[in-house]
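Please read it alongside the sequence and the structure displayed here.

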Amino acid sequence: MLISNTIKRLKLKYLTFIILCTIPLLSFSQETESLNPVSLESILLETLPLDGRVVDDADSFEELYDDLLLAEVVTTDDLHALINTQLTPVLDIEKEICKQMIESEELSATVSNGTYTASFEDVEWIRKGFYFTVVGLVRTMLDLTHETDETEFEDI
């Protein structure tokens, strides 16, 4: 009986040890999941507000993936961080672009980060409040991040 209880306690300690060692590994692997074109598209389509926005083709997502790697956005956490910090400013810019384009007959807008133009084919999307495609939203997020980095560098 004493040996049986000792064996049970050892098994329990062993299982506890295994569980405690496994949990940090699981959370670490989730945090550092590498970004790839498939996960990129999936995350963007799940995270960004679509509601009628133009979704780009697979080639555009692959090109964006390459650009993200150059910008050192290499994990899914990096992508989520980019979206969390830059989505609202980009949507504000898009709103201002559409407002100015609707008000002007030239379909052009000048906002804080540049001048934008559109063709008459895009008027329907502009009236709905969409200037950027899904990939365009993320490219603008990267542009804003780059502008912030340059400003911080100039302050040094």
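In this predicted model, threonine 75 lies in the loop that runs between α3 (58–70) and α4 (76–103). Its relative accessible area is 15%, and because the limit for a buried residue is under 20%, threonine 75 counts as buried. The side chain of threonine 75 also reaches the backbone nitrogen of aspartate 78, at 3.0 Å.

Helix α3 is in turn paired with helix α2 (residues 37–47): the two axes come within 9 Å and cross at roughly 100 degrees, which means that α2 is roughly perpendicular to α3. The residues that meet in this pairing are set out below.

| Helix | Residues in the contact |
|---|---|
| α2 | Pro37, Leu40, Glu41, Leu44 |
| α3 | Phe61, Glu62, Leu64, Tyr65, Leu68 |

By class, the residues of the contact of α2 with α3 comprise seven nonpolar and two charged ones, with no polar residue.

In soluble globular proteins, nonpolar side chains tend to be buried together. Here the largest nonpolar core has 33 residues, and those with the most contacts inside it are Leu44, Leu48, Leu68 and Leu79. At least two residues of this core are supplied by each of α2, α3, α4, β1 (108–111), α5 (123–127) and α6 (134–155), and the largest share, nine residues, comes from α4.

Leucine 68, listed above in the contact of α3 with α2, touches Leu35, Leu40, Val73, Leu79, Leu82, Val138 and Leu142, when residues up to four places away in sequence are not counted.

Methods. Residues are numbered from 1 along each chain as its sequence is written. This is a predicted model: local features need pLDDT of at least 70, side-chain atom pairs count only at pLDDT 80 or more; totals for chains, interfaces and linings use all residues. Side-chain values use heavy atoms; hydrogens and water are left out. Helices (H or I, at least four residues) and strands (E, at least two) are DSSP runs, numbered from the N terminus. Buried means under 20% relative accessible area, exposed over 50%, partly exposed in between (1.4 Å probe, protein chains only). A polar contact is a pair of N or O atoms within 3.5 Å; within protein, one must be able to donate a hydrogen and the other to accept it, and residues adjacent in sequence count only if both atoms are side-chain atoms. Axes are lines fitted to C-alpha atoms, for helices over the stretch in contact, and angles run from 0 to 180 degrees between N-to-C directions. Angles under 35 degrees count as roughly parallel, over 145 as roughly antiparallel, 65 to 115 as roughly perpendicular and the rest as oblique. Contact means heavy atoms within 4.5 Å. Ala, Val, Leu, Ile, Met, Phe, Trp, Tyr, Cys and Pro count as nonpolar, Asp, Glu, Lys and Arg as charged, and the others, Gly among them, as polar. A nonpolar core is a set of buried Ala, Val, Leu, Ile, Met, Phe, Trp, Tyr and Cys residues joined through side-chain atoms within 4.5 Å.
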